[in-house]
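This briefing sets out selected features of a single structure, grouped by topic. Please consult the sequence and the coordinates alongside the text.

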Amino acid sequence: MDAASSVNAGWREADRSMSSGRPVARAQAVEPVPPPTPLAAKSAPSPVRVSRESAPNQATLAAWNELVLHAEGTDVTQLSVWATIRALAGYTPTYLFAYQGETLVAGALLLRRRLLGLLTIGYLPYGPVIHPEVPDRPAVLAAIVQELNIFARQQRLMFVQPPEHAGDVSEVLLAGGYRPSKAGVAPAGSYRLDLTPPLEEIRAGFSKRLKSWTNRWESKGVRVRLGDERDLPLLLSLMARTGERQGFRPPPLAYVQTFYRELGQLGNAALFVGEVNGVAVSADVVTVCGGMVRGRLGGFNGDGETGKLSVPAAVRWEIIKWAKERGYRYLDFGGLPERMLTDMIDRGIHTSDEWPSAQRSKLQFNGTPFRYPTPVELVRPAVLRLAYDWGTSHPSGMRVVQTVKDVLRGVRGRTSGAKYL
């Protein structure tokens, strides 16, 4: 239900026409975040202690952010600044922190919102986060899930999307009374590019057409630059053009400004603008966490001849170079629908004309599809569960559910299917 569950508003369609010109301007240097505190090897790990806090002190938040930034498979939605961002949409935060001795070994940022004055809805996006070196992961997981369950049972609806590589979280929650969620509060899986090979090797894997474009953009007047907060109105105007084609409206400017400011000051967000002869036609915001660069917001004006120059692809090519230069591991192109995931992962199908063209465009970068662990939900009492099940399985009910999801994401009056952040 958190807006972050619906990443890449513009990235779903940005390459429909298929840019890199000259190198982008260099971002201001950001001091690298130190790795999480190493855990001392012990023959008998300390007992796990879990605390619940609504307003942790700065030292605790700093330790938490340090853990999140180095935990593979999670997202910026677990950073403390996300609570500030989502407060604009009416959410209040609750933190769970698990300690062994005095060392923070795991935690979760839970988001809670009241709907229509009646329902309380909780959401845990890409968590809980557990220290990669914890000596007894099952014990830590059991302790934090115990506290999570107390919180969940105080809500009418609770949704949890575990981070990547955390299938054990889904298993423990399913065994504890949760069920697989069909609410679609997060993508079932995504498509990413490994950035560890040499740049030329990455480029060699592109489609023939895309490789050709990387040599022609500059001569066509295509340039990609690194933007800043002054470009956010431009981003929203381009998102509006994309939304006209895809059926969504962009988020409010104040929301995007807060999003960009809070994450940008930590070095966890960057904005790229693609221009043709000095006129901006494409823009993308990416976020960074745990070695993963994710496409988050994007828009494209494909009118006229500029629509044939594949400027969104030029932007992504610059993002690839930018991310690789900074040592990031992956570029996530955004969620894939379950049908594509099933075809690609389970059936070994590499391409199909039946897939949405906006999704097929991602494949030209030669990435890899992957699934997230099973999202789970807890809905109570039984009468609400029956109404909820009807709403997620019947057309008229699904429209109601979509409207509720739009409200929970903080935007009213959007057309069905709109997704952002």
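How many of the residues of strand 13 (residues 330–336) are buried? In this predicted model, 7 of the 7 residues of strand 13 are buried, and the strand is thus described as mostly covered.

**Strand 13 and its partners**

- Strand 13 pairs with strand 8 (residues 189–194) in the antiparallel sense, and 6 bridges connect the two.
- Within this pairing, leucine 331 of strand 13 is the bridge partner of leucine 193.
- Strand 12 (residues 292–300) runs parallel to strand 13, and the two are joined by 3 bridges.
- Tyrosine 330 in strand 13 stands opposite methionine 292.

**Aromatic pairs and cluster**

- The whole structure contains 12 aromatic pairs.
- One of the pairs is formed by phenylalanine 206 and tryptophan 317, whose ring centres are 5.4 Å apart; their planes meet at 80°, so the arrangement is edge-to-face.
- This pair links distant parts of the chain, 111 residues apart: phenylalanine 206 lies in the loop between helix 5 (199–204) and helix 6 (208–214), while tryptophan 317 belongs to helix 9.
- Phenylalanine 206 has a relative accessible area of 3% and is therefore buried.
- Tryptophan 317 also counts as buried, because its relative accessibility is 6%, under the 20% limit.
- A further edge-to-face pair consists of phenylalanine 370 and tyrosine 372, with 5.3 Å from centre to centre and 75° between the planes.
- Phenylalanine 370 is buried at a relative accessible area of 7%, and tyrosine 372 is buried at 7% relative accessibility.
- One aromatic cluster is made up of Tyr191, Phe206, Trp317, Phe333 and Phe365.

**Arginines over aromatic rings**

- Arginine 192 is placed over the face of phenylalanine 370, 4.3 Å from the ring centre.
- Arginine 294 has its charged end over the ring of tyrosine 126, at 5.9 Å from the centre of that ring.

**The two sides of helix 12**

- Leu384, Tyr388 and Gly391 are the buried residues of helix 12 (residues 382–391).
- Viewed down the axis of helix 12, these buried residues fall within an arc of 55°, so they line one face of the helix.
- Val383 and Leu386 are exposed residues carried on the face of helix 12 that is turned away from its buried side.

**Cis peptide bonds**

- Glycine 127 and proline 128 are joined by a cis peptide bond, with omega about 0°.
- Proline 128 is located in the loop between strand 4 (119–125) and strand 5 (129–130).
- Arginine 380 and proline 381 are likewise joined by a cis peptide bond, with omega about 0°.
- Proline 381 is placed in the loop between strand 15 (376–379) and helix 12.

- Serine 310 is not a glycine, yet its phi is positive, at about 55°.
- Serine 310 is situated in the loop between strand 12 and helix 9, and its relative accessible area of 0% makes it buried.
- Asparagine 366 is not a glycine either, and its phi is positive, at about 65°.
- The loop between helix 11 (357–360) and strand 14 (368–371) holds asparagine 366, which is partly exposed, with a relative accessible area of 47%.

- Serine 282 is part of strand 11 (residues 279–289).
- With a relative accessible area of 0%, serine 282 is buried.
- Apart from neighbours within four places in sequence, serine 282 is in contact with Leu238, Phe272, Val273, Gly274, Gly299, Phe300, Val311, Pro312 and Val315.

Notes
Residues numbered from 1 in each chain as written. Predicted model: local features only at pLDDT ≥ 70, side-chain atom pairs only at ≥ 80, totals over all residues. Heavy atoms only, no water. Buried < 20%, exposed > 50% of the residue type's maximum accessible area, 1.4 Å probe, protein only. Helix = DSSP H or I, 4+ residues; strand = E, 2+ residues; numbered from the N terminus. Pairing = 2+ DSSP bridges. Phe/Tyr/Trp six-rings, centres within 6.5 Å; stacked < 30°, edge-to-face > 60°. Lys NZ or Arg CZ within 6 Å of the ring centre and 35° of its normal. Arc of directions from axis to C-beta. Contact = heavy atoms within 4.5 Å.
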